[in-house]
Amino acid sequence: MKLNIHPSWQAVLAQELEQAYFYRLMQFLSQEYRDHRCFPAPDQLFEAFNECPFDKVKVVIIGQDPYHGHGQANGMCFSVEDGVKFPPSLANIFKELATDLDQAIPISGNLRSWAQQGVLLLNATLSVREGQAGSHQKKGWEQFTDKVIEQISRRRQGVIFLLWGGFAQKKGKSIDTSKHHILTSGHPSPLSANRGYWFGNRHFSKTNELLVAMGASPIVW
């Protein structure tokens, strides 16, 4: 499996990329992608990092697994390619966005423009076998993405972490809250959103208020 990850991240994660577990993970992925249909495409495994270099990170959104339906996952959490129907969680994200900022729901579910403005769209697990949610969990990805969060927390200042749901909140326990901002809410999945834990969190406007207060450009969501 070819390691296609932005040089800024290679520098920050150099030690991690040489660990035995990461080598085993790459070996596992090589076989999985050879024997099964897996998502995202191999050249998009590190898309979140390639679209948002380390020194440009202003906001981090933590997801869990890539979408496991054909043609959905594109290497960035909650994001889908242009023309793909919005999965339920993304539909709820856009509903909250539209209400919060009083704007129209986006036409495309491709969140690449967010990433290019400094939003790291980080899944805890970066790959999945088609139709089998969680199939690539506990193979090493979680250890790798924990280190990503740890390095952002340690080396950067004033990053805003959006932790949606219990899983993301546990994943973010290593974040230094004396240096960074954390906004939490329920997950945008229908189960959580319909119980009142997602809608009304106003995370998009709150994020921009924090960015402006720190002298940074707001995100064009």
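**View 1. Helix H3 covers residues 20–35 of this predicted model.** Helix H3 has 16 residues and reaches 23 Å from its first C-alpha to its last, close to the 22 Å expected at 1.5 Å a residue; the expected span is 1.5 Å times one less than the number of residues. Helices (H or I, at least four residues) and strands (E, at least two) are DSSP runs, numbered from the N terminus. Look for the buried residues of H3, among them Tyr21, Phe22, Phe28 and Tyr33; buried means under 20% relative accessible area, with exposed over 50% and partly exposed in between (1.4 Å probe, protein chains only). Their cover includes helix H2 (14–17), strand E1 (38–39), strand E4 (128–129) and helix H7 (141–155), with contact meaning heavy atoms within 4.5 Å.

A note on reading these views: residues are numbered from 1 along each chain as its sequence is written, and side-chain values use heavy atoms, with hydrogens and water left out. Because the model is predicted, local features need pLDDT of at least 70 and side-chain atom pairs count only at pLDDT 80 or more, while totals for chains, interfaces and linings use all residues.

**View 2. Cysteines without a disulfide.** The count of disulfides (pairs of cysteine sulfur atoms within 2.5 Å) is zero. For Cys77, the nearest cysteine sulfur is that of Cys52, 11 Å away. Cys38 is buried, with a relative accessible area of 7%, and Cys77 is buried too, at 1%.

**View 3. The largest pocket has a volume of about 390 Å³.** Of its 25 lining residues, Gln64, Asp65, Tyr67, Phe78 and His187 are the closest to its centre. Strand E2 (59–63), helix H5 (88–101) and helix H8 (166–171) each give two or more residues to the lining. On a 1 Å grid over the protein atoms alone, a pocket is an open set of points with protein on both sides within 12 Å along at least five of seven lines, a cavity is a set where a 1.4 Å probe fits but cannot get out, and lining residues have an atom within 4 Å of a point.

**View 4. The largest cavity has a volume of about 50 Å³.** There is one cavity of 30 Å³ or more. Grid points are joined across faces, edges and corners, and a volume is the space filled by probe spheres set on the points. Residues lining the largest cavity include Pro40, Pro66, Met76 and Leu126.
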